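Trainee: Could we go through this one term by term? I'd like to hear what stands behind each label.

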Amino acid sequence: MPVARNPSTRTGPACRKDLFMSQTNVTTRSFIDLRAFAAASAPQPGDFLHARTLLAGQEGGLSIAACAPEGAGIITAMAEDEFVIVLAGELNIGANVLGPDASIVLPRGSSFSWAAAPGTRAIIMGSKTSTPGAQTPVAINPAPVLAPSKSPSADLLLGPAPTCHSFNDYKSANGELVCGTWDSTPYARRAMHYGHAELMYLIEGSVTFVDGAGREKTFVKGDIFFVEQGADCAWDSREYVKKVYAIFRPA
């Protein structure tokens, strides 16, 4: 997990400045507490597309950033698909008013107005390679009608198979970015190799992860965390779990 921080500046489609870059001698891909990352990175408040600090080490067109939007403006065309979850304050995206823990997807090419009060903070997961699955912003409904979904592979399970449900609010046209809500009864599984990257916000319950280096952490209701692509992580949830997810799976 990134531990040493160095400021940097990068130019590109989103023109992000004051970026958070880090180096580490720990090579194991792992899980990252995004609330802690946002608190430590402290981006300078400002324009929605510029007031960002990047999490180092992400590849393949994926980015994770802490954002401190303040003021108001108009986005004429998003340069990438972005999943946004608010940590504090209030962020207005068009007619969508997002308070703490609310989330939305901003598709590539979409245009909208934005406004944010002082103190607003958010986490953003961007995908440069996904093709838009909608023309306008898509708010994530944290209480949708869920449909049955697959449980983890039987060869990974360490006990009875759980009952799982899910609902996708957004899916990019090429399937690389999928965002929605999932729930499950308790279960435990051995380490699974993550061929995808996943941001999770726990609406209910708790889960303990153990990575390939033996590092262990329990996330609880209200936590927002990220599992890096390439990580090998075990899962142990001993109570009902419900989460909002944003999954990036390169084509």
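Trainee: What stands opposite Leu177 in β23?

Mentor: Phe248 stands opposite Leu177 there. Keep in mind that this is a predicted model, where local features need pLDDT of at least 70 and side-chain atom pairs count only at pLDDT 80 or more, while totals for chains, interfaces and linings use all residues. Residues are numbered from 1 along each chain as its sequence is written, and side-chain values use heavy atoms, with hydrogens and water left out.

Trainee: How do you know that β16 and β23 pair?

Mentor: Strands are DSSP runs of E with at least two residues, helices are runs of H or I with at least four, and both are numbered from the N terminus. Two strands pair if DSSP finds at least two bridges between them. β16 and β23 are joined by 8 bridges, so they count as paired, and they run antiparallel.

Trainee: Which sheet has β16 and β23 in its order?

Mentor: An open sheet of 7 strands, ordered β3-β21-β18-β23-β16-β15-β14, with antiparallel pairing.

Trainee: What makes β3 and β14 edge strands?

Mentor: Each of them, β3 (31-33) and β14 (147-149), pairs on one side only. Neighbouring strands in this sheet are turned by 30 degrees against each other on average, direction ignored. Axes are lines fitted to C-alpha atoms, for helices over the stretch in contact, and angles run from 0 to 180 degrees between N-to-C directions.

Trainee: Where does α1 lie?

Mentor: α1 lies across β3, β18 and β21, at about 55 degrees to β3.

Trainee: Why is Phe219 called buried?

Mentor: Buried means under 20% relative accessible area, exposed is over 50%, and partly exposed is in between (1.4 Å probe, protein chains only). Phe219 has 0%, so it is buried. Its place is in strand β20 (residues 216-220). Leaving aside neighbours within four places in sequence, Phe219 has contacts (heavy atoms within 4.5 Å) that include Phe31, Leu202, Val207 and Phe225.

Trainee: What makes a set of residues a nonpolar core?

Mentor: The members are buried Ala, Val, Leu, Ile, Met, Phe, Trp, Tyr and Cys residues joined through side-chain atoms within 4.5 Å. The largest one has 28 residues, and among those touching the most other members are Leu34, Phe83 and Cys179. β18 gives the most to this core, with 4 residues. Apart from it lies another core, of 20 residues, and Phe219 is among them.
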